[in-house]
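Trainee: Could you take me through a structure feature by feature, giving the general idea before the case itself?
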Amino acid sequence: VWVKIPGVHEVPDQVKVRFRELSFDVTVEDLNGKDYMFAATELPMEVVVDECKYEVLENEVKIYLKKWAKTEWFKLTNLGGR
């Protein structure tokens with residue numbers, strides 16, 4: 001999952017990602033005077049929280065979710081047209 005946030009790479013220490021079994025959220029505090037939050041709730045199936053991770057790249061946060069079961073997800077789709 002890619003979360004586009006212009007300039008996020010300039011403040012990697014201010015990026016917080018919280019993983020839960022059926023959701024995750026991304027928070028960036030005080031990026032050029034603004035706070036950002038993205039939440040994905042009600043994931044199609046459970047994830048292995050301890051094996052999920054994230055990476056701060058140029059202008060985006062890349063989220064890696066480890067699915068509990070080896071199955072396809074049909075509900076998590078690209079809403080940004082990319």
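Predicted model: local features only at pLDDT ≥ 70, side-chain atom pairs only at ≥ 80, totals over all residues.

Trainee: How many salt bridges does the rule count here?

Mentor: Side chains of opposite charge can pair when their charged atoms come close. The rule asks for a side-chain nitrogen of Lys or Arg within 4 Å of a carboxyl oxygen of Asp or Glu, and by it the count comes to two salt bridges. One of them joins Lys4 to Glu60, with the closest N and O atoms 3.2 Å apart. Lys4 belongs to strand 1 (residues 2–4) and Glu60 to strand 6 (residues 60–64), so this pair ties together parts that are 56 residues apart in sequence. Strands here are DSSP runs of E with at least two residues, numbered from the N terminus.

Trainee: Are Lys4 and Glu60 buried or exposed?

Mentor: The terms rest on relative accessible area, buried being under 20%, exposed over 50% and partly exposed in between, with a 1.4 Å probe and protein chains only. Lys4 is exposed at 52%, whereas Glu60 is buried at 10%.

Trainee: Which residue forms a salt bridge with Asp25?

Mentor: Arg18 does, and the closest N and O atoms of that pair are 2.8 Å apart. Asp25, found in strand 3 (residues 23–31), is buried with a relative accessible area of 11%, while Arg18 is partly exposed at 40%. If contact is taken as heavy atoms within 4.5 Å, and residues up to four places away in sequence are not counted, Asp25 touches Lys16, Val17, Arg18, Met37, Phe38 and Ala39.

Trainee: In what order do the strands of the open sheet lie?

Mentor: Strands of a sheet pair through backbone hydrogen bonds, either parallel or antiparallel. Two strands count as paired if DSSP finds at least two bridges between them. Here three strands form an open sheet in the order 1-6-5, with antiparallel pairing. Its edge strands are strand 1 and strand 5 (53–57), each of which pairs on one side only. Strand 5 and strand 6 pair over five bridges in the antiparallel sense, and Glu55 stands opposite Lys62 in strand 6.

Trainee: Which residues of the largest nonpolar core touch the most other members?

Mentor: A nonpolar core is a set of buried Ala, Val, Leu, Ile, Met, Phe, Trp, Tyr and Cys residues joined through side-chain atoms within 4.5 Å. Of the 18 residues in the largest one, Val17, Phe24, Val26, Val28, Val61 and Ile63 touch the most other members. The elements giving two or more residues to this core are strand 2 (15–20), strand 3 and strand 6, and the largest share, four residues, comes from strand 3.

Trainee: What does Val61 touch?

Mentor: Leaving out residues up to four places away in sequence, the contacts of Val61 include Trp2, Val17, Val26 and Glu55. Trp2 lies in strand 1 and counts as partly exposed at 48% relative accessibility. Although Trp2 and Val61 are 59 residues apart in sequence, they are 5.8 Å apart in space, C-alpha to C-alpha.

How values were computed. Residues numbered from 1 in each chain as written. Heavy atoms only, no water.
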